[in-house]
Amino acid sequence: MQSGRIRATAVVVAAALVVTTSVSLAEESKLKIAGTTYTKWLWGNMRDDGSLYNFTTVPGEGYGDNGQGSEIELFILAKVSRAVEVKARLHSRFNQNQWTNFGGWGGPNPPTVPCVGGDCGEMDPRSNQYVKLRGVTVVVTPGYKWIDAATIGASDFGMFDPWVIGKIRYIDRDNGSGVLFQGSAWDRQLTYDVVRISLPRLWAGPNYTTGEFTAQDAAYGVQLKQTFSPKFDLREIFQYVNDMEVVGTDFDLDDGREVSQRFRNSVVGLAFGFHPGSAIDVGGSYYNSVSDSNSLYAPASFGIGGFSPVPAGKLDDEAYYLNADFNDIAGSGVTLRVQGFHIGAQYVSMMAARRESDVLLTEGHDAAYMYPGPSNAAFGVFSNNPTRLGIGGWDGNAQQLATINVDNEFTDFDEPMAETAIGWEGATITPVWTKGALELSGEYTYLTYDTNWQAFGDDSRAVNSTIYPTMEGDTGVGHNFRTAYAPFQDKETDIALAKVKYTFDVGKGLDVWGKVKTISETDERLNEERYLPYQPGDCPGGGVACANVVRNYSPGNSTSSIYGNPGVITVGANTGYQWKPFDDISDDDRDLSYWMTQVGAGYQLTNDLYGALEWNHFDADLEDGNTAMQAYNLHEMASGQHRKDIFAAKFKYNIGGAEFGFEFQYNMAEFEPDFGGGFVPQVADVAISQAHNVPLGSLGFTGRFGGWNSLEDRDFTQYRMKGFMKVQF
Amino acid sequence: MRKFVRFAALAAVAAFSLAAAAFAQEVEFKDPSGDDNGPGTYTYPTDTVYKSGSFDITGFAVRVKGDKATVEVTVNSNLEDAWRLGGGFSVQMAFVFIDTDGKEGSGFTKGLPGTNVLFDPKGAWDKCILLSPQPPGRVRNEVETKAADMKSAIILPTRTRGSSRTISASVDLKELGSGDPQTWGYQVVMQSNEGFPSGNDLMTRKVNEYEGQHRFGGGNDGDCDPHVMDILAGSGAGDKSEIDAQHQMLEYECNADGTAKKLATLEMVHKK
């Protein structure tokens, strides 16, 4: 009996093997491996060599403008069967792996923490030529009616909406992972995307963290698209972010552990497209967001320089835009694009695009002025806060995003800057006219702000206890890329530009281009006397100390918490206030007149080599508060005349499957400060000179928080280079 | 200052709007909108970078001035340089096939690698202008590696530009050969620029059974289906009947293993 059962089993197993083998042969797995190698050279006179990226703000990470390094990326793709596909990447990152590390043997043992510039050698993954597993994804296309594809694993989730769930990138394109279901119905007139994304603990919650308990945190998304006809389509999107924490007071472990919410965020959106013909195209979207940070686990308020990707507390707001494109108007070759938009101050979508998109039509601001100080430093009044990118900033203009959770980390100067557009409302019109080799284009944008308010829009709170993270503050020539909020704002901005491109029929064709751009901006900031910090006449002058009689704008609240009175000092024969007392609503006024001019020429030097030369000139006349305001006491003041020139040489070279790129810049800038009067300038002593890198004996003043602002003219010189080689194989 | 900026901006808009265009010898075709679905079933990749209408040809023109010919391919969406390639567009790639001699059987009847199409011998192509946003050096290398036997017939413009909705490039007229451009046959194949092409594909984006984030859908996972989103058809007048003509031209048949039983066969379009 038993032997019979064994024989029967053997027959079944043998039959199964035959069937399996034949199926396997029919659906032979096709493994494909491809790759890319990327080598980068950085060189610059800032002499930083912390890593092979020009810019980061991440604590403990290096940045630099010098170094050479290589990385390799292997793409693995296997078509297991008609229904199953597997993808993955093995990627070595250079990070701090400069060639000078000699294969990872670059640091002392034990390592010196924090590891910067590869000085931890074999002891730190960032400098021991580590290889990371990336992009592990299985795509299942089962052939069912109700589902087209299930994607399990890594993706950048670029199929959603940058206002709600945007492309997720952080150095790599596919660090995010989740489960994505996509399908269609009614002959594809309806499509759906349903996703659960594991919430990135690095940045997707208040304070750039998702707390202690992270493994079950997730973002959920649903997107429906209906194509009623080629002329009309609709799209609905919903997103819900759930950041959970284990309840610390649940001591009874026998029934498991309770959880509560640290942060939640929901967004609903509706978009439409109307395409009546090739001459006109109209589209628009409306979004409404609700978010809630639990003060048990997340900040309930921020000081005047808080950092977080989301304001604190319960928030709700809306955002919307309407686009209209008019193409080839009356056969003239002129195209007009018009956009009206509003992004509410409290609009929050934690999963909105952080960098890889541009949600507005406008060029926005120029990335050459990326931080508050004249040198592009943030918190530059304090020692050890030098500029990271230098006066050149990033190349070109910014791309706008509907979040303050903007990410420009680990980038080089030749990459675009992303800037927050939270609070922006206004309209843009961009005409383009093309005729043969000539292209003329322009832009006019009017901006006002949903963040125009006094005392952060809430008189009941102290200005230094706000729900809004102000990041790097709103001072300086440009727009500090992740700053949306200021304690007092009454701002208007006009952006206008004209561009021309032409190719002369000379040899292989000589490309020339030019651009003129202007930004006019005013911000009256604190514009009601009741918000002044002290009573009228509190600081009488003449060497008499201030009485410090506080003026409250609401019971117990006064701006004296951020605009404290100066002491009386004597410098040489002069006795007076250390800085101007904040006693007039014009003390913090901003008035910017900004002009940018660009000319360039490029030529295909050989079949494989293209070269270009470009000159960018910037001229900014800026009033940005006087010494009473002190750039919120945190940053270098920028009131005065700014001039900047960026000379760039760029080359692209392709040979036999290898691509080379090269950009060299020589940058010069001048800053003539004009901080107003009403105070006694101080003289830099040895300690100040060394701590703040200013000449001994130079004039300046020490601010409320101990920072030093120089009153001397400044001349800047920067040269920098980036070269790269990329080979696909 | 602010008044000046506003006045200058409005004046510039008005000036642009009053501008008028005039051209010399030219051949123009139109193509109906809404036919960017290959043989009728193709769908766009799901990534938001592929905007609706991006691969929908609405017009094609050849304009001759002096010893230069400028080709223009217009699509039903504003061009965007999403991948910062520098030419004003990123996702599109167009092949302009030209039958300059009009002789049956003279020229190539095979499409370029990755398109999976044939050409009717009556309109075999003699020249192909490749409109790619990639640097010409890279495109040249791809052509030399993957289409060496057709290399002499493929024309790579020094620069290809995208502006508003039109991709354009100028080439030397002599590169196209002798003859009257108004009598030539044309076919425009709209594809997508793929920076990481598969196998021997000439920087073309694949069409699969199901669309992916960067893959067209509605076709076959093999290489029996035409990897083509839109073409000229009929008389090139933009008539809606040309949609059916396109779908017929792009009909294909596959074997069970994904190999071709019948490849799509394209015909040239002539100016009437």
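Predicted model: local features only at pLDDT ≥ 70, side-chain atom pairs only at ≥ 80, totals over all residues.
In chain A, a positive phi is found at Phe157(A), a residue other than glycine, where the angle is near 55 degrees. Phe157(A) belongs to the loop that connects strand E5 (149–154) with strand E6 (177–185) of chain A. The relative accessible area of Phe157(A) is 1%, and because buried means under 20%, this residue counts as buried. Asn548(A), which is likewise not a glycine, has a positive phi of about 60 degrees, and its place is in the loop between strand E19 (510–523) and strand E20 (568–571) of chain A. With a relative accessible area of 45%, Asn548(A) is partly exposed, whereas Phe157(A) is buried.

The second largest pocket has a volume of about 1,000 Å³, and its lining is made up of 38 residues, among which Asp505(A), Lys68(B), Thr70(B), Ser170(B) and Val171(B) lie nearest the centre of the pocket. On the side of chain A, strand E18 (491–504) supplies at least two residues of this lining, and in chain B at least two residues each are supplied by strand E2 (57–65), strand E3 (68–75), helix H2 (136–146), strand E8 (160–163) and strand E9 (166–172). The largest share of the lining comes from E9(B), which provides five residues. By residue class, the lining of the second largest pocket comprises 14 nonpolar, eleven polar and 13 charged residues.

Methods:
Residues numbered from 1 in each chain as written. Chains lettered and ligands numbered in written order. Heavy atoms only, no water. Helix = DSSP H or I, 4+ residues; strand = E, 2+ residues; numbered from the N terminus. Buried < 20%, exposed > 50% of the residue type's maximum accessible area, 1.4 Å probe, protein only. 1 Å grid on protein atoms, 1.4 Å probe; cavity = no way out; pocket = protein on both sides within 12 Å on 5 of 7 lines; lining within 4 Å. Points joined across faces, edges and corners; volume = space filled by probe spheres on them. Nonpolar A, V, L, I, M, F, W, Y, C, P; charged D, E, K, R; others polar.
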